[in-house]
Amino acid sequence: MERALFLILQVVLWARVSALFTVEVTHPSQQAEFGGNVTMECTFPPGDTEQSLSVFWSRVHPQPTVEVYRLQNGLEDLRVPDPQYRSRVRLMKEELKDGRAVLQISNLRITDSGTYQCLMEMGGADYKQTALTVRAPYKSINKSIKMNERGVELSCESQGYPLASVVWTDLSGWNITKESNITVATTVNDLFHITSTITVKSSNNTYTCTFVGEGLMDRSVLFHIPDEIPKKMTEKSSKFPLMLILILGIITVCAGVVAYFRCKGFKQHIMSRTRDCLLPVDYTPAYLPPDTTIEIQTHVEEKRVENLRAVLRSRYVGLTSDPEASEQRVRFCSKVLPQHLCSRDGLPLEVTALLPDVGESLLLEGETKSGKTSVALALASSWAQNSEWDPFGVKRCQLVVMVTCEGTTGDLFQEVISQLGLDGELTVSALQEILSGPVEALLVLDGYRFGNRDLDESLREFLRRRHACRVLVTALPGHCADLWEFFGTVLVLTREGAECHEYC
């Protein structure tokens, strides 16, 4: 009913068009990046400030029409935004006096793509339209290598929008894509998750996997064969002929000894002594095909991740053991946080914006006592507890690792081992391998400040090399300037009216 009334209003207003009142759009079409912000602008003659001004922004395509923002007779109607835009749109009202109706949309989604209409009325009425296209570049490409009976299987995967094709080439530039396989799935954010695999001979060569999409910058990763083949695979497979030779040698020696003593008349004696020598020995691992070896290694990796998950949950479960603290945490996430979380441009954000995408790094800035530590604790506790409460969507992560940066003395992974009491349960190198690989984990660094050389260098190296790990860093404004290149999005926690109590 409201939508019908809105359309009728448009017709009535258009019938009153005055030749003196015209609306122009600054950009007929725009492109923006998934998760980022966009500004759409219409201009109009400022006219008499005593006249009431009405501004209506709506998405008219694809159908059905969706109301995005309404300012009617100078009054903002907060009931209007469609649920999919609520808390993500803002009209810069301070620009209206200069004849500019500027609409900002934050935390962009793929579904925000479409044609937007700016309808304005002030004495006369006019409207213009602008097209918005939201894209998600295939920024992070994860690659993996494993051996099988046909050679070396190379795999690369990434996610983005629109749908991209994957091109494989060898060192000479020869296109070998037709020999590859590709699978495509859709994520909850409407992105395409693409995985492409190809099996090549394990000879000296370099192979390139490139994601190519319309309107997107091409992204590539290189595979250097055989340099990048995991040593464990090559060592185990190379042991097969050595083990076979060793077994045949033992059998030959034993048989020779038996024959010798038979000739000397010690048949019974030697048979009793050589019986143990000829008993079957379990050399099964030497006969395992390459695939089986890889399966065993994969199983060990999965077991190691499961063990770490259990340890982390046991560490964080204490955050939810106090009913009062748990109640404060829920109240903070549901009441306080939505009122004080925003983009750098001041646009309000939903709490789900605090969970980075796979392979993404977010920076959360805020003054002292703004609630940054509360966010870190809430993420860890909601992941660890056995309940449906999950305001951030963090339960989708396999691991959550939280690090308190204040007072740190070692590098990143040494601090994780030390703070979580993992000494003896996990080595630094094993932890680094897990977090840098394809495991979907969340690393939270609370209270980070550039200046600790070991922590800074290890974090910088990790951000360059990690694959799927999500990273959220909380810090005071200006404390992460040297790591700015790694943050795709910066969020802000304001202090005005915050009710964080001692928990913040």
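This is a predicted model: local features need pLDDT of at least 70, side-chain atom pairs count only at pLDDT 80 or more; totals for chains, interfaces and linings use all residues.

Trainee: Thanks! Where is Arg88 found?

Mentor: Look at the loop between β6 (75-76) and β7 (89-91). Strands here are DSSP runs of E with at least two residues, and helices are runs of H or I with at least four, both numbered from the N terminus.

Trainee: And which residues is Arg88 in contact with, leaving aside neighbours within four places in sequence?

Mentor: Those are Gln104, Ile105, Ser106, Asn107, Leu108, Arg109, Asp112 and Pro348. Contact means heavy atoms within 4.5 Å.

Trainee: Let me zoom out. How many helices and strands are there in the chain?

Mentor: The chain has nine helices and 23 strands. It is 504 residues long, and 46% of them count as buried. Among contacts between residues at least 6 apart in sequence, 67% join residues at least 24 apart.

Trainee: What about Thr186, buried or exposed?

Mentor: Thr186 is exposed, with a relative accessible area of 56%. Its place is in strand β14 (residues 181-186). Setting aside neighbours within four places in sequence, Thr186 is in contact with Leu191 and Phe192. Thr186 and Gly160 are 26 residues apart in sequence, and 9.7 Å apart from C-alpha to C-alpha.

Trainee: Switching to helices: at what angle do α5 and α6 pack?

Mentor: Helix α5 (residues 323-340) and helix α6 (residues 372-384) pack at about 120°, and their axes are 10 Å apart. The axes are lines fitted to C-alpha atoms, for helices over the stretch in contact, and angles run from 0 to 180 degrees between N-to-C directions. α5 and α6 are therefore oblique to each other. For the cut-offs, under 35 degrees is roughly parallel, over 145 roughly antiparallel, 65 to 115 roughly perpendicular, and the rest oblique.

Trainee: Which residues meet there, between α5 and α6?

Mentor: Arg329, Phe332, Cys333 and Leu337 of α5 meet Ser374, Val375, Leu377, Ala378 and Ser381 of α6. By class, that contact of α5 with α6 has six nonpolar, two polar and one charged residues. Here Ala, Val, Leu, Ile, Met, Phe, Trp, Tyr, Cys and Pro count as nonpolar, Asp, Glu, Lys and Arg as charged, and the others, Gly among them, as polar.

Trainee: And how do α7 and α8 cross?

Mentor: Helix α7 (residues 412-419) and helix α8 (residues 428-436) cross at roughly 110°, their axes coming within 9 Å. α7 and α8 are therefore roughly perpendicular to each other. Phe413, Gln414, Val416 and Ile417 of α7 make the contact with Val428, Leu431, Gln432 and Leu435 of α8.

Trainee: Last topic: how many salt bridges does the count come to?

Mentor: The count comes to 14 salt bridges, each one a side-chain nitrogen of Lys or Arg within 4 Å of a carboxyl oxygen of Asp or Glu. Glu67 forms one with Arg70, with the closest N and O atoms 3.1 Å apart. Asp77 also forms a salt bridge with Arg70, at 3.6 Å. Glu67 and Arg70 are both buried, and Asp77 is buried as well.

Trainee: What about Glu461 and Arg464?

Mentor: Their side chains meet in a salt bridge, 3.6 Å from N to O. Glu461 and Arg464 are three residues apart in helix α9 (residues 453-465), so about one helical turn separates them. Glu461 counts as partly exposed, at 30% relative accessibility.

Notes
Residues are numbered from 1 along each chain as its sequence is written. Side-chain values use heavy atoms; hydrogens and water are left out. Buried means under 20% relative accessible area, exposed over 50%, partly exposed in between (1.4 Å probe, protein chains only).
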